[in-house]
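Colleague: I'm new to this one and could use a quick tour. Can you put it up on the screen?

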Amino acid sequence: MGLPAVQISHLRKTYGPLVAVDDVSLSVAEGEIFGILGPNGAGKTTTVECTIGLRNADSGTVRLLGLDPRTERDQIREIVGVQLQTGAQPGKQRVGEIIEEYQSFYREPADVGELVEVLGLGPKRGDYYKTLSGGQRQRLSVALALIGRPKVAVLDEMTTGLDPQARRDTWELIEGIRRRGVTIVLVTHFMEEAERLCDRVALIDSGRVVALDTPAALAERARGGKTVRFLPSAPFDDRLLTGLPEVTGLEHAGQHVVVTGTGELVNAVILALHAAGLTARDVQLDSSNLEDAFVKLTGSHLHAEGAAA
Amino acid sequence: MNAIALARSRLAWPRRLPLPGTAQGAAFGKIVLNEARLARRSPMPIIGSIGLPVVLMIIFGEIPSSSQVVSTLGGLTLFDVYLPIIMVLGLTMLTLLGLPGPLVSYRELGVLRRLSTTPVPPSWLLAAQVVVQLGGALTGLLIVNVVSVIAFGAADPKSPAGLALSCLLAIAGLFALGLLIAAVAPTSGSVNAISRLALIPLMFFAGLWLPRPLMPQILQDISNYTPLGTAVEAIQDAMQTGFPPARPLLVLAAYAVVFGFAARRFFRWE
């Protein structure tokens with residue numbers, strides 16, 4: 001693995017008595033989609049603002065492709081595309097005019113026509129900003145973040161306020177951008193988004209990283225394992241499955257069997273059944289999700305803090 | 001590593017000067033073009049600052065008595081006296097409405113903040129707005145002067161250089177005031193409130209309701225040191241007498257400097 005695209009060590013930022021970011025350390029690899037997840041006020045946006053040089057941290061170090069956002073802000077602005085959580089454009093500016101203006105700011109920009117097509121803004125190119133729907137405004141904002149062909153794109157609450165269809169469209173778009181080799185830092189409080197898009201996720205709460213892992217691993221950790229529920233083609237001896245290293249528990253629920261365990265649980269169960277000449281129907285993987293992980297991890301975090309005090 | 005090396009090898013754009021013929025100049029030109037389009041699409045300030053003076057001038061020009069020399073006006077006609085007032089009124093409408101309005105709305109919308117994440121500093125948007133409004137101001141002054149000479153037979157100014165200098169200093173002082181309003185006004189709505197409030201005393205001392213020669217001495221003295229009163233004085237002198245004296249020019253320059261520094265000091269980008 002090369003140098004990280006983003007390296008944050010012990011970042012701290014306060015606004016007067018308010019500690020926005022207490023102690024955040026994380027590292028984002030080049031080409032990764034990295035999620036920063038947490039409740040409102042957890043310090044996500046402040047972390048990002050310090051990373052791109054919009055704010056100066058009180059302490060800690062930040063490097064973005066090796067550049068220091070305090071002293072090398074000008075270089076950073078050329079290689080980072082930013083989508084801010086809030087922000088609008090003048091109502092009587094046309095979509096194409098806005099994108100072309102931003103295009104002129106960069107040395108090797110993307111093609112406006114191509115970008116508006118990819119973002120589904122082609123038919124809207126000649127329309128005033130004020131006529132755009134929320135989803136279209138959001139996509140325009142993403143377009144402005146990408147027009148400079150950034151090495152790193154920072155997208156803050158990209159799909160907040162979008163309807164489910166627009167949200168899914170935007171996710172597809174982000175996956176497409178990653179395929180072009182852009183590193184993406186995604187700030188969100190939307191669990192499904194992080195699960196769907198992110199290679200790794202940092203859970204931030206009260207200005208600290210409480211967990212950092214892949215979405216699946218975080219969910220599994222929260223659950224203490226996974227659960228597979230299925231209907232066997234014939235009854236079988238429980239020991240067929242309880243003997244497997246992946247399996248930690250087994251119970252019967254009517255004719256269904258519920259197996260809990262870790263690792264490649266589904267594969268292990270299906271293969272063992274198959275070896276015994278059985279099949280499993282109606283297989284359901286109980287997807288404990290990031291949401292569960294979040295509640296569990298932030299809950300225990302808060303508890304630990306209370307105990308320390 | 002490649003990306004890092006690339007990022008380091010690129011010189012950062014000089015952040016202050018968008019020189020013509022460079023990529024930065026092209027970017028600045030693009031911003032100016034967009035600001036001009038936006039001004040055209042919300043034309044009320046431009047109409048107010050060009051249309052209103054022209055209409056006023058036509059009204060004064062058509063009043064028969066306004067072309068008669070009046071002894072209490074120092075031997076000038078009413079039209080002569082009102083021409084500088086009308087010119088200054090146009091500039092004032094522009095600087096109080098046209099200049100701060102868009103800038104404050106850009107701050108409200110987050111456009112300035114958004115720009116500060118790009119290689120282009122948000123101050124360029126401010127500069128572009130000044131360029132566009134300056135174009136409007138000069139156009140307005142030109143129209144008023146050309147119409148006054150062609151349609152109403154106004155005499156050519158005694159000192160064209162003095163007139164140009166007076167107008168430029170008046171524009172500088174008023175634009176600095178407009179930027180100061182943009183700096184302190186928290187919302188677009190408050191720009192209108194502040195501007196309306198400021199407009200009345202400013203225009204009073206310019207002589208809109210009572211021309212300066214008719215003011216009691218004490219009001220004239222005050223007027224000499226108000227931004228618009230002194231602008232009218234300088235322009236009047238340049239048109240009727242000759243190159244204006246130092247005092248009104250210096251007062252205008254002082255306003256430009258003081259308001260300009262205050263605007264710079266108090267301007268918030270987000």
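Modeller: Helices (H or I, at least four residues) and strands (E, at least two) are DSSP runs, numbered from the N terminus. Keep in mind that this is a predicted model, where local features need pLDDT of at least 70, side-chain atom pairs count only at pLDDT 80 or more, and totals for chains, interfaces and linings use all residues. Residues are numbered from 1 along each chain as its sequence is written, while chains are lettered from A and ligands numbered from 1 in the order in which they are written.

Colleague: Which way do E5(A) and E6(A) run, and how many bridges join them?

Modeller: Strand E5 (residues 80-83) of chain A and E6(A) run parallel, joined by four bridges. Two strands pair if DSSP finds at least two bridges between them.

Colleague: And what does E6(A) pair with over five bridges?

Modeller: That's strand E7 (residues 183-188) of chain A, again in the parallel sense. In that pairing A:Val154 stands opposite A:Val185. To get from E6(A) to E7(A), the chain goes through helix H6 (residues 164-179) of chain A, and this β-α-β crossover is right-handed. Right-handed here means that, with the strands pointing away from the viewer, the path from the first strand over the helix to the second runs clockwise.

Colleague: How many residues of E6(A) are buried?

Modeller: Five of its five residues, 152-156, are buried. A:Val152, A:Val154 and A:Asp156 sit on one side, with A:Ala153 and A:Leu155 on the other, and both faces are covered. A residue is buried if 20 or more other C-beta atoms lie within 10 Å of its own, exposed if 12 or fewer, and partly exposed in between, with C-beta atoms placed from the backbone.

Colleague: What about A:Glu157, what's its phi like?

Modeller: A:Glu157 has a positive phi of about 50°, although it is not a glycine. You'll find A:Glu157 in the loop between E6 and H6 of chain A. A:Glu157 counts as buried because 20 other C-beta atoms lie within 10 Å.

Modeller: A:Leu65 also has a positive phi of about 50° without being a glycine. A:Leu65 lies in the loop between E4 and helix H2 (73-79) of chain A.

Colleague: Why does A:Leu65 count as buried?

Modeller: Because A:Leu65 has 26 C-beta neighbours inside 10 Å.

Colleague: Switching to A:Asp58, is it buried, exposed or partly exposed, and where is it found?

Modeller: A:Asp58 is partly exposed, with 14 other C-beta atoms within 10 Å. A:Asp58 is in the loop between helix H1 (44-51) and strand E4 (59-64) of chain A. Leaving aside neighbours within four places in sequence, A:Asp58 is in contact with A:Arg12, A:Lys13 and A:Thr14. Two residues are in contact if their C-beta atoms, placed from the backbone, lie within 7 Å.

Colleague: Zooming out, what does chain A have in the way of helices and strands?

Modeller: Chain A has 11 helices and 13 strands, and buried residues make up 42% of its 309 residues. The C-alpha trace spans about 70 × 55 × 35 Å along its principal axes. Chain A is divided into domain 1 (6-219) and domain 2 (226-286), whose C-alpha centres lie 42 Å apart. Those bounds come from an automatic or database domain assignment.

Colleague: OK, chain B now. How many residues are in contact with chain A?

Modeller: 29 residues of chain B are in contact with 30 residues of chain A. On the chain B side, the elements giving two or more residues are helix H1 (2-9), helix H2 (23-41) and helix H6 (111-115) of chain B. H2(B) provides the largest share, nine residues. By type, that side of chain B divides into 15 nonpolar, six polar and eight charged residues. Ala, Val, Leu, Ile, Met, Phe, Trp, Tyr, Cys and Pro count as nonpolar, Asp, Glu, Lys and Arg as charged, and the others, Gly among them, as polar.

Colleague: Why is H5(B) largely enclosed?

Modeller: Seven of the 10 residues of helix H5 (residues 100-109) of chain B are buried, so it is largely enclosed by the rest of the structure. Among them are B:Leu103, B:Val104 and B:Tyr106. After H5(B) comes B:Gly110, whose phi is positive, near 90°.

Colleague: What confidence does the model have?

Modeller: The model scores ipTM 0.84 and pTM 0.80. Chain B has a mean pLDDT of 87, with 94% of its residues at 70 or more; pLDDT is the predictor's confidence in each residue, from 0 to 100. Over residues 1-14 of chain B, though, pLDDT stays under 50.
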